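Please look over the sequence and the structure shown below before reading on.

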Number of protein chains: 2
Amino acid sequence: MEAIRYEGNPIIRPEDVEPSSEAVRVVGVFNPAAVQLGEETILLMRVAESFREVDPNWVRVPVVDPISRELRAICLPRSSPDIDVSDPRLVVYRGRVYLTSVSHLRLARSRDGRHFDVERHPMLAPDTAYETYGIEDPRITHLADGRFIISFSAVSEHGVCVELAETPDFANFRRLGIVLPPENRNAAVFPEKIGGRYVMMHRPNSEPFGSSGIWLAFSDDLVHWGDHRFLAGARPGTWDSARIGAGAPPLKTRHGWLAIYHGAALESNTYCLGALLLDLHDPTRVLARSREPLLWPVAPYETQGFYPNVVFACGVIHRSNGRLYVYYGAADHAIALAEIGLDELIDSLR
Amino acid sequence: MEAIRYEGNPIIRPEDVEPSSEAVRVVGVFNPAAVQLGEETILLMRVAESFREVDPNWVRVPVVDPISRELRAICLPRSSPDIDVSDPRLVVYRGRVYLTSVSHLRLARSRDGRHFDVERHPMLAPDTAYETYGIEDPRITHLADGRFIISFSAVSEHGVCVELAETPDFANFRRLGIVLPPENRNAAVFPEKIGGRYVMMHRPNSEPFGSSGIWLAFSDDLVHWGDHRFLAGARPGTWDSARIGAGAPPLKTRHGWLAIYHGAALESNTYCLGALLLDLHDPTRVLARSREPLLWPVAPYETQGFYPNVVFACGVIHRSNGRLYVYYGAADHAIALAEIGLDELIDSLR
């Protein structure tokens, strides 16, 4: 069971995105949330930007000042023996990690789910002391009461936290605060209450005691979360042997909650996509799980890019023809689309 | 400003504690919570136990089976090149961390706050899938409604989590679940609601982006927590340059919330005690902080033991004579007592 790539992939590339200021260039547009609003498909994309000019003496790390909201640089000595720039995403200096880019969230709209118009300005940009290194990897959940809940990673010198925001219209936003402290990311809220409470998948860092996996948390009000339960972890000897994390918000089907997730393998660090099927009434019960991945990096735009060999989904849309449109980040560089039949996928899991 | 050690220290040693079964020996009794109930001082102590017999071929890691609640052993090959037993607290095998002991919580009672009778059996023992490696470092908060809230670390293959339990009488307990996912520990609940919500200090692991520090979280019901805020972190070049964490639950004074905390230094990894003074109405505001530690390891029972050069407080009692009795773990081995005048301490901070 393999998802079918759209032949026009990638559907959005860095060159399709206007930089948010003259000082920066877009190095990646990836890991989009997705939601269908009537005839319109909306993607909320992570846009990563780095300083346009490279300084020969200093590695300039972009950070957003939480007071002025302006972009500043942390300058680290490029020739220091204490600096490590081997990972394109990171600068490690004296044991501390910095990011080479700062991310904001940007909207794109489409009539056919394949051709998108990208808005010219950020929709949600770093704004608080917990977001100075950027906001990343959004998921959108459309609640029954009409609100949209956006879950994203807030990154700063305080670590990577899970933050929520709500919007009725993608024009006005209200931040609901840091709902899970560091190190935590890849949170996705279920679209309805289960047993009277909101439910959220998240991925705390369980190392060095265990491998990082997917947990569930519960809430009455979306602000305060508790009753944390381990749901699923890495599986030795498989495609998801190193770590796994939630992808898109779970989709309600008559067979259970269907959750597309990502997993990485221990040796290769290749990121693939798989699926979990959870009990409708007790989502802590895993009914089924992909033995083989649904999608793995083979296309050139997946195996080459800012961070190679990654397919990473944050948004899935169930279309009226029974097909799932999976929007995914390819190599932390561009956005691609793959589709899969919902019934076939469920059959393959059971 | 230095706390004064009680001349009869340590007040409780491993040999004062009955092992919980014939298979184990007590390797440490330390990091006690403390609460005053009328004339009686109660300590809730962490008791660490290892297997009595040492196997020449296998390192036997004690774990509690979450179904049968019996003690089992994970056997790791002692002569493997992949094993690291250099830290007495841990076994590192193929990148995974295990503990050399499993901890439970045990009660001790005293009439004078100095001489304690230790109960013969555990009060709270590992019981769930999140506690298989033990439960550690309790804090007790006496709420205005009469309930006692116990915050402790639950350790397992899923990592180190913050868990709460409540009891009206130290005989009947109700677990409130995992309130903060891994890696998190050193949680302490404030004794009353502030601004309508319960408040808790906790210490998530912010590495590698930052150093681990003290955060606050807020709750309506003690089960669901949110609105996480960074409160205070490590200070470069000082006695608390590596990491800090909450000690005893904060004490209400007319000058602010007084919180005894622990800090470790980067190079030496020596654990000392200091104090924070927080605004009574807005505890996210730090009013004052110890420039020098109040207590640092110098006594033989602090510099030698299971894990040397540690003083670590989880319980402080404000006695009627205006003195603070600070109960602390010494070298992860024994329990000691130091005292300090409340007014002098506050004066030294301001």
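## A patch of charge and its loop

Where in chain A is the place of Asp220(A)? In this predicted model, Asp220(A) sits in the loop of chain A between β17, which covers 214–219, and β18, which covers 224–232. Asp220(A) is partly exposed, its relative accessible area being 42%, and together with Asp221(A), Asp220(B) and Asp221(B) it gathers in a patch of negative charge on the surface.

## A buried leucine in that loop

Leu222(A) also has its place in the loop between β17 and β18 of chain A. Is Leu222(A) buried or exposed? With a relative accessibility of 0%, Leu222(A) counts as buried, because buried means under 20% relative accessible area.

Once its neighbours within four places in sequence are left aside, Leu222(A) is in contact with a set of residues that includes Leu143(A), Arg147(A), Ile149(A) and Leu164(A), and the list of contacts also holds Leu176(A), Val179(A), Val189(A) and Tyr198(A). Leu222(A) and Cys272(A), by comparison, are 50 residues apart in sequence, and their C-alpha atoms are 29 Å apart in space.

## Salt bridges

How many salt bridges does the structure hold over all chains? There are 54 of them over all chains, and one of these joins Glu136(A) to Arg46(A), with 3.3 Å between the closest N and O atoms. Glu136(A) belongs to strand β11 (residues 134–142) of chain A and Arg46(A) to strand β3 (residues 40–51) of chain A, so the pair ties together parts that are 90 residues apart in sequence.

In another salt bridge, the side chains of Arg285(A) and Asp279(A) meet at 3.1 Å, N to O. Here Arg285(A) counts as partly exposed at 46% relative accessibility, whereas Asp279(A), at 15%, counts as buried. In chain B, the side chains of Arg94(B) and Asp82(B) likewise meet in a salt bridge, with 3.1 Å from N to O. This pair links distant parts of the chain that are 12 residues apart, since Arg94(B) lies in the loop between β7 (90–93) and β8 (96–99) of chain B, and Asp82(B) in the loop between β5 (71–77) and β6 (83–84) of chain B. Arg94(B) counts as exposed at 61% relative accessibility, while Asp82(B), at 37%, counts as partly exposed. Some bridges share partners, and in this way Arg46(A), Glu136(A), Asp137(A) and Arg185(A) are joined into one network.

## Backbone geometry

Most peptide bonds are trans, and most residues other than glycine have a negative phi. Against that background, the peptide bond from Asn9(B) to Pro10(B) is cis, with omega near -15 degrees, and Pro10(B) lies in the loop between β1 (4–5) and β2 (24–37) of chain B. A cis peptide bond also joins Pro182(B) and Glu183(B), with omega about -20 degrees, and Glu183(B) is in the loop between β14 (174–180) and β15 (184–189) of chain B.

Positive phi values occur in chain A. Arg69(A), in the loop between β4 (58–64) and β5 (71–77) of chain A, has a phi near 65 degrees, and this residue is exposed, with a relative accessible area of 53%. Phe170(A), whose phi is near 60 degrees, is found in the loop between β13 (159–167) and β14 (174–180) of chain A, and at 7% relative accessibility Phe170(A) counts as buried.

Definitions and conventions:
Residues are numbered from 1 along each chain as its sequence is written. Chains are lettered from A and ligands numbered from 1 in the order in which they are written. This is a predicted model: local features need pLDDT of at least 70, side-chain atom pairs count only at pLDDT 80 or more; totals for chains, interfaces and linings use all residues. Side-chain values use heavy atoms; hydrogens and water are left out. Patches are made of residues with over 30% relative accessible area and no salt bridge: like charges are joined within 9 Å, nonpolar side chains (Val, Leu, Ile, Met, Phe, Trp, Tyr) within 5 Å. Accessible areas come from the Shrake-Rupley method with a 1.4 Å probe; for residues, only the protein chains shown count as cover. A salt bridge is a side-chain nitrogen of Lys or Arg within 4 Å of a carboxyl oxygen of Asp or Glu. Lys and Arg count as positive and Asp and Glu as negative; His and the chain ends are not counted. The place of a charge is taken as NZ of Lys, CZ of Arg, CG of Asp or CD of Glu. Helices (H or I, at least four residues) and strands (E, at least two) are DSSP runs, numbered from the N terminus. Buried means under 20% relative accessible area, exposed over 50%, partly exposed in between (1.4 Å probe, protein chains only). Contact means heavy atoms within 4.5 Å.
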